[in-house]
Amino acid sequence: MSIIEVKNLTKTYLIQKRKPGVIGALKGLFSKEYTKINAVNQVSFQVEEGELVGFLGPNGAGKTTTLKMLSGILYPTLGTARVLGFLPWERKNEFRKQFALVMGQKNQLWWDLPAQESLFLNKEIYGIPSSAYYRILDEMVELLNVKQLLSVMVRELSLGERMKMELIACLLHSPRVLFMDEPTIGLDVVAQKNIRDFVQKYNKKNKITILLTSHYMNDIQALCKRVIVINYGQKIFDGPLAEIIEKFSAHKLIKIVMNNPKFSKEQLSEFGEIVEWESNKIVLKVDRNQIASASSGLLNQFEVSDITIEEIPIEDVIGEVFSNSERHMKNMVLGEAK
Amino acid sequence: MKKYWAILTTRTQEDMAYRANYFIGALFRFLPLVTSIVLWYAVFKSMGGTHPKIEGMSYQNLIAYTALVYISRGVSSMPGMTRDICNDIKDGNLNRYIVRPINYSGYQIVYRLAHKLVFWLIAAVTFPVIFFLLRHDFTHQIQPEEWVAFIIALIIGFWIGMLFSLTIGLLAFWFLEISTFLYVISTIEYFLSGNLIPLNLFGPKMFEIVGKLPFSYEAFWPVLILLGKVAQHQLVSILLWGIGWVFFFLIVINILWFLGIRRYSAVGG
């Protein structure tokens with residue numbers, strides 16, 4: 001049995017519509033208009049024990065809403081989900097003791113007390129035996145290098161340090177499932193990497209199942225073999241990260257360095273779209289099927305000192321996926337309207 | 001229970017971080033008492049006569065009442081509780097409680113209880129000074145059964161204050177912006193609890209009603225019992241009525257939570 005099973009999960013919000021201006025506000029007092037928003041629409045997937053799955057989508061795609069339903073914070077409008085065999089929104093204590101939710105924009109630490117007090121409070125809330133508590137705490141402060149910060153007031157910690165403490169607070173009870181919503185948001189690159197490395201090590205060591213959302217592709221690339229992409233509340237891809245590129249990117253990049261500056265834009269355009277041009281360094285976007293012929297053509301026709309063939313950066317592919325699905329959804333809406 | 005004890009001790013530590021603020025608060029809490037004394041003095045002086053009384057209460061009774069109200073309100077008032085709960089719901093902070101194996105209402109109750117304990121720790125220094133200064137106004141010889149009833153009434157007042165704040169706070173599931181409503185409610189609560197003037201001064205007909213409302217246990221009844229103004233045969237029925245209110249709010253809170261959490265939209269990342 002999968003550790004997370006999601007079937008046709010749907011969350012619909014009724015959003016009050018208000019016409020602009022003072023007159024709109026006055027009208028709103030007497031008659032309220034509502035519109036239905038499908039934040040999550042018939043999403044289904046399964047996650048096996050120990051998997052680290054990336055959850056991708058632009059802002060408002062429905063990622064966080066899905067995580068909130070899987071954590072039992074929200075009730076779904078339709079569909080169902082089981083996490084560790086439990087219906088999350090029943091919020092049974094046996095369930096809540098086996099999972100954790102890390103939210104990059106919210107924290108559970110007590111602002112005016114040293115972090116160790118919040119951690120000890122979690123020990124009691126989750127009923128962690130003292131021996132296990134101190135063993136896990138030692139292990140994690142070591143891994144995250146925050147031993148000396150345990151006795152510092154939370155309000156005096158940096159954002160990155162706070163996130164590290166937050167992670168410890170969420171992992172003290174050794175959850176089997178961890179939902180992470182933008183854990184690296186707002187952090188500098190060093191702090192982002194620290195958190196990433198920690199998650200990677202922790203996942204490997206403890207075989208914990210992790211569902212992670214992030215806008216930073218570095219996080220996803222470093223951590224997740226599998227990604228689920230959603231947009232407009234609908235799942236549009238589920239599979240290995242590398243497959244996204246194959247499936248959604250019809251092009252590759254050919255980077256060439258010329259020996260001889262005697263070449264024109266027109267000549268190069270025959271092989272593909274010029275995306276970069278810097279003195280004798282050129283980057284061409286070429287159709288996947290034409291890569292071999294384009295490379296040999298370039299080598300034959302010009303004095304090339306270096307040539308490399310690369311995949312389009314994952315950020316660009318994902319951006320393309322999002323905008324394609326946006327167009328697709330708009331077409332669907334227009335089709336329905338007609 | 002261990003987890004709630006941990007919440008209590010953690011919260012106490014947090015409050016102690018601002019002990020100077022608390023101490024000043026507890027010290028100057030009595031400042032309005034001076035105004036009340038001046039006011040009642042002026043009222044009684046204008047009435048003339050040798051031993052004037054208002055609804056059976058002498059000048060000394062009213063000064064003692066006003067001073068004792070600080071004790072009952074010190075137990076029953078929950079400053080900021082309703083607003084904090086509203087904000088938790090409105091800003092999505094409730095999420096961090098829902099995902100952990102704790103009961104949100106239980107958490108709030110213990111959190112406030114800890115706040116009260118710190119308040120009383122500091123008030124233990126300031127209150128005796130005030131009562132020593134006003135010792136001549138306490139003319140009634142308090143009977144043992146009145147002490148017992150007073151303590152029970154205080155406990156009822158504590159629970160009603162707590163549960164009423166929780167009830168109003170949970171309304172934020174339905175009405176996200178209720179700051180004006182909170183202001184109106186707190187003014188009504190302040191007035192109908194007998195904080196400003198004893199409820200029996202409202203006249204017999206009004207008193208019939210306001211004396212039965214839950215707010216009356218937050219200030220009025222505990223003090224009236226201690227002043228010896230409640231007949232012995234009435235004590236039990238008054239206390240039982242108050243306990244009834246406690247159960248009423250417990251039921252209402254459970255219903256509000258059950259329905260509200262299904263509407264909760266958990267805004268914010």
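This is a predicted model: local features need pLDDT of at least 70, side-chain atom pairs count only at pLDDT 80 or more; totals for chains, interfaces and linings use all residues.
I started by counting elements: chain A has 12 helices and 13 strands. Helices here are DSSP runs of H or I with at least four residues, strands are E runs of at least two, and both are numbered from the N terminus.

Residues are numbered from 1 along each chain as its sequence is written, while chains are lettered from A and ligands numbered from 1 in the order in which they are written.

Next I looked up the extent of chain A: its C-alpha trace spans about 75 × 60 × 45 Å along the principal axes. I also checked burial, and 38% of the 338 residues of chain A count as buried (20 or more other C-beta atoms within 10 Å of a residue's own, with C-beta atoms placed from the backbone).

Then I turned to a sheet. Six strands of chain A make an open, mixed sheet in the order S5-S6-S7-S3-S8-S9; strands pair if DSSP finds at least two bridges between them. S5 and S9 (234–240) of chain A are at the edges with a single partner strand each, so one side of each has no neighbour in the sheet. I zoomed in on S5(A), which runs parallel to S6 (177–181) of chain A over 5 bridges. A:Met103 has A:Asp181 in S6(A) as its bridge partner.

Last, I looked at where the chains touch. Chain A puts 28 residues into the contact and chain B puts in 21 (contact means C-beta atoms, placed from the backbone, within 7 Å). On the chain A side, H4(A) gives the most, with 5 residues.

Conventions: Two residues are in contact if their C-beta atoms, placed from the backbone, lie within 7 Å. A residue is buried if 20 or more other C-beta atoms lie within 10 Å of its own, exposed if 12 or fewer, and partly exposed in between; C-beta atoms are placed from the backbone.
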